[in-house]
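Hi everyone, thanks for making time.

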Amino acid sequence: MPGQGTLRDFLTIGHPVAAARPWPRVELDAKCWRLLIERLGGADWILLAEWATGDSVHVALRDEANGEISIASRACPDGRFVALGQMRPGAIRLERAIHDLWGLVPEGLDDQRPWLDHGRWPRRRPLAAQPDLAADAPYRYDFLAAEGDGLHQIPVGPVHAGIIEPGHFRFHAQGETVVRLEERLGYVHKGIAAALMGKPVAQAAKIIARVSGDSTVAYSLAFARAVEAALDVTPPPRAQWIRALLAELERIANHVFDIGAICNDAAFVLMLSHMGVLRERVLRVNEGLFGHRLLMDRIVPGGVAVDLREGAADAIRKLLHGFAKDFRKAVHLYNETPSLIDRTTGTGFVAATLAHRFGAGGFVGRASRSGHDARKTPGYPPYDDLDFAIPVLAEGDVHARIEVRIAEVQASLGLIEQILTKLPSGSVLAPLPARTGEGVAVAESFRGEVLVWVRLDERGHVAQCHPHDPSWFQWPLLEAAIEGNIVADFPVCNKSFNCSYSGHDL
Amino acid sequence: MIPPIAHFFFRHLFKGAFTQKGRVEPDADGVVELAEAVGQAARGRLGRSLAIREVDAGSCNACELELHAVNNPVYDLERFGIRFVASPRHADVLLVTGPVTANMAEALKRTYDATPDPKWVVALGDCGADGGCFAGTYAVLGGVDQVIPVDLHIPGCPPSPKRVLAGLLALLESVAAKG
C-alpha cells in the first residue's frame with residue numbers, strides 16, 4: 001500500500017520522469033505532495049536539497065533506512081506550493097530563497113522574510129518567467145527580537161574584521177552572554193543559476209568550480225558526475241582514481257588550515273603558523289603536479305584535465321611522509337595544551353537531535369553523531385575499493401569538530417596512499433555526446449555533501465543547474481551553537497563550523 | 001616533562017623559521033627576489049608601514065584563501081611592514097576581491113568612504129577586474145571599478161601569493177608616482 005515502507009515505495013504514487021538519472025525523479029500532484037509532507041513528519045527521510053526550475057519545485061531526499069536517494073517534484077503553475085519548512089526546518093531558508101528567485105510562494109511557512117533578495121537587484125523574482133520591477137529601496141530586515149532587562153544588540157558585518165567573506169550577524173546579548181544570534185546572508189549572491197543557463201558544459205564547469213572556492217574539487221566532481229549521469233557516460237577508471245586523489249588533497253589542505261584557524265581564534269597563534277606551513281606544502285605539490293594550487297578546473301565532465309605524470313606518485317609520497325610526521329606533532333601540541341583545550345571543550349555545543357533534524361553533514365554533523373558521508377552512501381568510485389573509516393563523535397562541541405577534522409586528515413592520508421598504490425593506467429578523458437539528459441550527483445567536500453542537479457538541452461548545453469552547498473544546513477546550527485556562550489567565543493565557534501558564504505548565497 | 005610547545009620553539013631556534021630565506025638559496029619561483037623588492041620599496045616610500053583592509057565584495061573565497069597564504073610563515077608579508085588591519089579607518093589600501101554583487105555594493109562604497117585619504121584600491125583576481133565568469137547576471141555589477149576607483153588590478157583566478165606580492169610591489173611604485 002502506498003505510504004508504507006521506503007521512500008521509493010512511497011514515491012510510486014507519482015509519475016516517474018524517464019530522463020532522470022541515476023536516481024528516480026517523480027512528479028507529484030498537489031495531493032501526493034501533501035502526503036509526502038505528512039510522511040516527512042514521521043519518516044526518517046533526510047532533506048538533501050530543495051530547488052526550483054521554472055514553475056516546479058524539486059526536493060532531493062535520502063531514505064536513512066537504505067540510503068536510497070530520490071527526487072520529488074511538484075509543478076505549481078499557480079505559483080504556490082506547500083512548504084516543507086514546517087516539517088524540515090532546514091528547508092526554511094531554501095524555500096525563502098526559492099521565493100526570492102523564482103517567485104514561487106511557499107505556503108504555510110511562518111517566516112516569509114526575503115532571504116537572498118535584499119531589495120537591491122534590478123528586478124525582483126529575477127528567474128521567474130515574468131520578473132517584477134525593482135524594489136523602491138533596499139528592504140528593512142526585521143531581526144527576531146529578544147526582550148529582557150539589560151539586553152543589547154551587537155551588529156556585525158557584512159564587512160568583517162578578518163580576511164573572510166561577508167555576512168551579517170545580529171547578536172542579542174546580556175552582558176557577555178549571547179542570548180540570540182541571527183544571521184542575515186545573501187551578500188555574495190552572484191546569480192549563479194542565471195549564469196549557468198544556456199552555457200556549454202565546459203563553460204558551466206568553470207562557473208561551478210567557483211561556487212565555493214575552497215570546495216572547488218568537490219563541486220567540479222559533483223557537476224562532472226551529474227553531467228555524466230545525464231549523458232550516460234562513464235569516465236575512464238584512471239580518471240575516477242585521479243579525481244579521488246584531488247578530492248583528498250583538497251580535504252587535507254582545508255582541514256589543516258581550519259584546525260590552525262580555530263586555534264588562532266582561541267589566541268593560540270602558533271598552531272595557525274604551523275598549519276599554514278603544512279597547507280602550503282600541499283598547495284605547492286598541487287601546483288607542481290596539477291598546475292593549480294587549489295586544483296580548480298582539474299576535474300571536467302568526462303574525466304580529468306590533467307594526467308598524473310611519471311614520478312608524480314613518488315613526489316606525493318615524499319610530501320605525505322614529512323606531512324604526516326609534522327601533523328602528528330601538531331596534534332600532540334593541541335592535545336597537550338590545556339589552556340587551548342579549555343577554550344574548545346564544551347564551547348559551541350550542537351545537540352545530536354538538532355544536527356539530525358537539519359540533516360547536517362560534514363564535521364558539524366559527525367561531531368554530533370550524524371555519521372553520514374557521501375563517499376560511503378550512496379558511494380561513488382573509487383571509494384568502494386578503498387578502505388577508510390568515518391569518524392563520528394557525540395560531544396558536539398568545538399573540540400569534537402577539531403577531533404573529527406584531525407581524524408579525517410589522517411584517513412585522507414591513508415586514502416591517498418591506497419590510491420597511489422592501486423591507480424590504474426589508461427586514458428583520463430571520455431568524449432561527451434551532445435544530447436539532452438538530466439542527471440544528479442553528490443560528492444563529499446571537506447565540509448559535507450555537495451549535490452549538483454543538471455538538465456541538458458538538445459545541444460548538450462546546460463538548460464538548468466542547481467548546486468547545493470552543505471552550508472545551507474549548517475548555518476542555522478551555528479545560531480543554536482552560540483546560544484549561552486560568551487560573545488568572545490563566537491569566532492571560535494564560527495571557525496569550527498567554517499560555513500561557506502559563497503556556496504550558500506549562490 | 002617538557003611541554004610540547006617547547007619542542008616547537010627549540011625547533012625554530014636551531015633550524016630557523018619556515019620563511020623563505022634571502023640569497024642563500026635563490027628560489028626557483030622568484031619569491032625571494034620579489035620579497036626583497038617589496039621590502040625595499042615599502043621601506044623607502046612608506047616608512048615600513050602599509051596597512052591593508054581586505055573587502056570581499058562577492059568572491060568565491062578562493063582569493064581569500066590565497067590572501068591567508070600570503071600571511072603564512074612561508075610568504076610572511078608582515079616582515080615587510082605590510083599588514084592586514086581590522087578596520088578601514090586604519091587602512092592605506094583597500095584590497096577588494098570578487099565581482100561586486102548588488103548586495104555588497106553599498107557596503108563596499110561605505111568601506112571606501114570610511115578609509116582616510118590618501119588611499120589606494122587594489123582589485124584582486126579576475127572577478128575583481130571585470131566580474132569574471134559571473135559578469136552579466138542580474139546580481140553582479142561587474143568589476144570593482146564599477147563602484148570605487150581602482151588603482152591596480154592583480155590578475156589570477158585566484159592570484160598566487162607570489163602574484164599578490166608582485167602586485168603590491170607595483171602598487172608601491174604607483175604610490176611613489178602619485179606622491
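One definition before we start: two strands count as paired if DSSP finds at least two bridges between them. And please keep in mind that this is a predicted model.

With that in hand, look at chain B. Its open sheet has 5 strands in the order E2-E1-E3-E5-E7, with parallel pairing. At the edges stand strand E2 (82–84) and strand E7 (152–154) of chain B, each with a single partner strand, so one side of each is left without a neighbour in the sheet. From one strand to the next, the twist averages 30°.

Now let's zoom in on E3(B), residues 93–97. It runs parallel to E1(B), and 5 bridges join the two. B:Val93 is the bridge partner of B:Ile52, and B:Thr97 stands opposite B:Asp56. E3(B) also pairs in the parallel sense with E5(B), residues 120–124, over 5 bridges; there, B:Leu95 stands opposite B:Val122.

So, are the faces of E3(B) covered or open? In a regular strand, side chains alternate between the two faces of the sheet. Here both faces are covered: B:Val93, B:Leu95 and B:Thr97 on one side, B:Leu94 and B:Val96 on the other, all buried.

Last stop, the contact between the chains. Chain A gives 43 residues and chain B gives 40. On the chain B side, helix H1 (4–15), strand E1 (50–56), helix H3 (62–71) and helix H4 (105–114) each supply at least two residues. The largest share, 6 residues, comes from H3(B). By class, that side has 26 nonpolar, 11 polar and 3 charged residues.

Thanks, and I'm happy to take questions!

Terms used:
Residues numbered from 1 in each chain as written. Chains lettered and ligands numbered in written order. Predicted model: local features only at pLDDT ≥ 70, side-chain atom pairs only at ≥ 80, totals over all residues. Contact = placed C-beta atoms within 7 Å. Helix = DSSP H or I, 4+ residues; strand = E, 2+ residues; numbered from the N terminus. Nonpolar A, V, L, I, M, F, W, Y, C, P; charged D, E, K, R; others polar. Axes fitted to C-alpha atoms, helices over the stretch in contact; angles between N-to-C directions. Buried ≥ 20, exposed ≤ 12 C-beta atoms within 10 Å, placed from the backbone.
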